[in-house]
Amino acid sequence: QSIQPLYLDNNTWYLLQTNYDHWEDPPVFDDRRKYGLRYVNAIGAQNASLSAVNDVLSMWPVRNDDTSQTILMDPLNSKWTFYIDNFVGNKK
């Protein structure tokens with residue numbers, strides 16, 4: 001159970017969840033959160049789509065050699081897309 005749940009409000013148009021608790025710093029060798037936030041913010045709410053989110057989830061280091069699964073969720077259409085991953089990364 002989260003000790004600090006995430007909530008959407010009038011100033012937040014998305015939630016980003018990684019493998020690490022959001023109230024703690026992720027390990028420096030796997031900071032997907034920093035890059036995920038950067039990439040999603042670059043898209044902006046006006047350009048958000050499942051395709052754009054999938055692009056973010058496919059970018060290194062959000063998707064890396066340790067990625068085992070990716071889930072896209074579309075609550076408006078009650079749709080989930082689940083990928084099992086055998087990714088071999090191209091670290092930059």
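Me: Where is threonine 67 found?
Reply: In this predicted model, threonine 67 is found in the loop that runs between α2 and β1.

Me: And is threonine 67 buried or exposed?
Reply: Threonine 67 counts as buried, because its relative accessible area is 8%, and buried means a value under 20%.

Me: How far is threonine 67 from asparagine 19?
Reply: Along the sequence threonine 67 and asparagine 19 are 48 residues apart, while in space their C-alpha atoms are 9.9 Å apart.

Me: Staying with that loop, where does proline 61 lie?
Reply: Proline 61 also lies in the loop between α2 and β1, and the peptide bond that joins tryptophan 60 to proline 61 is cis, with an omega of about 5°.

Me: Changing topic, how much space lies in the largest pocket?
Reply: The largest pocket holds about 1200 Å³ of space, and its lining is made up of 29 residues.

Me: Which residues lie nearest the centre of the largest pocket?
Reply: Those nearest the centre of the largest pocket are Leu15, Val53, Leu57, Ile71 and Met73.

Me: Which helices and strands supply at least two residues of that lining?
Reply: Three elements do so, namely the helices α1, at residues 32-43, and α2, at 50-58, together with the strand β1, at 69-74; of the contributions to the lining, the one from β1 is the most, with six residues.

Me: How many of the lining residues are nonpolar, polar or charged?
Reply: The lining of the largest pocket has 16 nonpolar residues, and beside these there are nine polar and four charged ones.

Me: Which strand gives the largest share of the nonpolar patch?
Reply: That is β2, which gives three residues, although β1 and β2, the latter at residues 79-84, each supply at least two.

Me: What about phenylalanine 82 in particular?
Reply: Phenylalanine 82 lies in strand β2 and is partly exposed, because its relative accessible area is 45%. The C-alpha atoms of phenylalanine 82 and valine 40 are separated by 19 Å, and these two residues are 42 residues apart along the chain.

Me: New subject: how many salt bridges does the structure hold?
Reply: The structure holds one salt bridge, in which the side chains of arginine 32 and aspartate 30 meet at 2.8 Å, taken from N to O.

Me: Are arginine 32 and aspartate 30 buried or exposed?
Reply: Arginine 32 is buried, because its relative accessible area is 11%, and aspartate 30 is buried as well, with a value of 5%; the cut-off for buried is under 20%.

Definitions and conventions: Residues numbered from 1 in each chain as written. Predicted model: local features only at pLDDT ≥ 70, side-chain atom pairs only at ≥ 80, totals over all residues. Heavy atoms only, no water. 1 Å grid on protein atoms, 1.4 Å probe; cavity = no way out; pocket = protein on both sides within 12 Å on 5 of 7 lines; lining within 4 Å. Points joined across faces, edges and corners; volume = space filled by probe spheres on them. Helix = DSSP H or I, 4+ residues; strand = E, 2+ residues; numbered from the N terminus. Nonpolar A, V, L, I, M, F, W, Y, C, P; charged D, E, K, R; others polar. Salt bridge = Lys/Arg side-chain N within 4 Å of Asp/Glu carboxyl O. Buried < 20%, exposed > 50% of the residue type's maximum accessible area, 1.4 Å probe, protein only.
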